[in-house]
Amino acid sequence: MLAQNTRSDYLQLFDSNGDSRVSEAEYLAYMSRGFQSMDRNGDGILETDELPGGRGKPITLKEYQDNLRRQFHKLDRHHHGYLNAQELTAPPG
């Protein structure tokens with residue numbers, strides 16, 4: 001279990017407007033940075049050679065973000081439309 005200050009520090013990475021909670025838009029923006037760094041040619045598609053280990057089927061940014069949206073809603077256990085520090089750091093359920 002993470003200490004509260006570590007949770008808060010992690011939340012601040014996502015929380016672009018400083019309201020101490022993470023909206024779906026903030027979650028998508030932060031988590032999409034990984035996609036963008038792997039998309040070497042910037043075409044909005046991770047081709048097999050851009051994926052970790054060079055394996056897997058290509059995925060578009062939209063498909064990637066759709067997966068992130070599903071993940072966000074699983075983490076939002078209180079169904080209030082945002083993540084607090086505890087929800088953000090909870091193991092996926």
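The model is a predicted one, so to speak of local features takes a pLDDT of at least 70, and side-chain atom pairs count only at pLDDT 80 or more, while totals for chains, interfaces and linings use all residues. Residues are numbered from 1 along each chain as its sequence is written, and side-chain values use heavy atoms, with hydrogens and water left out.

Of the 93 residues in the protein chain, 26% are buried; buried means under 20% relative accessible area, exposed means over 50%, and partly exposed is in between (1.4 Å probe, protein chains only). Along its principal axes, the C-alpha trace spans about 40 × 25 × 20 Å. The secondary structure comes to four helices and four strands, with both kinds of element taken as DSSP runs numbered from the N terminus (helices are H or I, at least four residues; strands are E, at least two). Reading from the N terminus, the order is α-β-α-β-β-α-β-α. Among contacts with a separation of 6 or more, 42% come from residues 24 or more positions apart, a contact being heavy atoms within 4.5 Å.

Next comes the pairing of H2 and H3. The axes of these two helices come within 10 Å and cross at roughly 130°, which makes H2 oblique to H3. Axes are lines fitted to C-alpha atoms, for helices over the stretch in contact, and the angles between N-to-C directions run from 0 to 180 degrees. On that scale, angles under 35 degrees count as roughly parallel, over 145 as roughly antiparallel, 65 to 115 as roughly perpendicular, and the rest as oblique. H2 passes H3 in a right-handed crossing; a crossing gets that label if the near helix is turned clockwise from the far one by less than a right angle, and is left-handed if anticlockwise.

On the H2 side, the residues that meet H3 are Glu 24, Tyr 27, Leu 28, Met 31, Ser 32 and Phe 35, and their partners in H3 include Leu 61, Tyr 64, Leu 68 and Phe 72. The residues of this contact divide into nine nonpolar, four polar and two charged. Here Ala, Val, Leu, Ile, Met, Phe, Trp, Tyr, Cys and Pro count as nonpolar, Asp, Glu, Lys and Arg as charged, and the others, Gly among them, as polar. Gln 71 is one of the H3 residues in the contact. This glutamine sits in helix H3 (residues 61–75) and is partly exposed because its relative accessible area is 32%. Gln 71 and Asn 84 are 13 residues apart in sequence, with 14 Å between their C-alpha atoms.

The loop between helix H2 (24–38) and strand E2 (45–46) holds Gly 42, and Asp 43 lies in the loop between H2 and E2 as well. Gly 42 counts as exposed because its relative accessibility is 59%, whereas Asp 43, at 38%, is partly exposed. From Gly 42 to Asn 17, 25 residues away along the chain, the C-alpha separation is 27 Å. For Asp 43 and Leu 61, 18 residues apart in sequence, the C-alpha distance is 9.2 Å.

Backbone angles come last. Most residues other than glycine have a negative phi. Ser 20 has a positive phi of about 65° although it is not a glycine, and His 79 has a positive phi of about 55°, again without being a glycine. Ser 20 is placed in the loop between helix H1 (4–14) and strand E1 (22–23) and counts as exposed because its relative accessibility is 53%. His 79 lies in the loop between H3 and strand E4 (82–83), and with a relative accessible area of 67% this histidine is exposed. The loop between H1 and E1 is also the place of Ser 16, which is exposed at 67% relative accessibility. Ser 16 and Tyr 27 are eleven residues apart along the chain, and their C-alpha atoms are separated by 9.6 Å.
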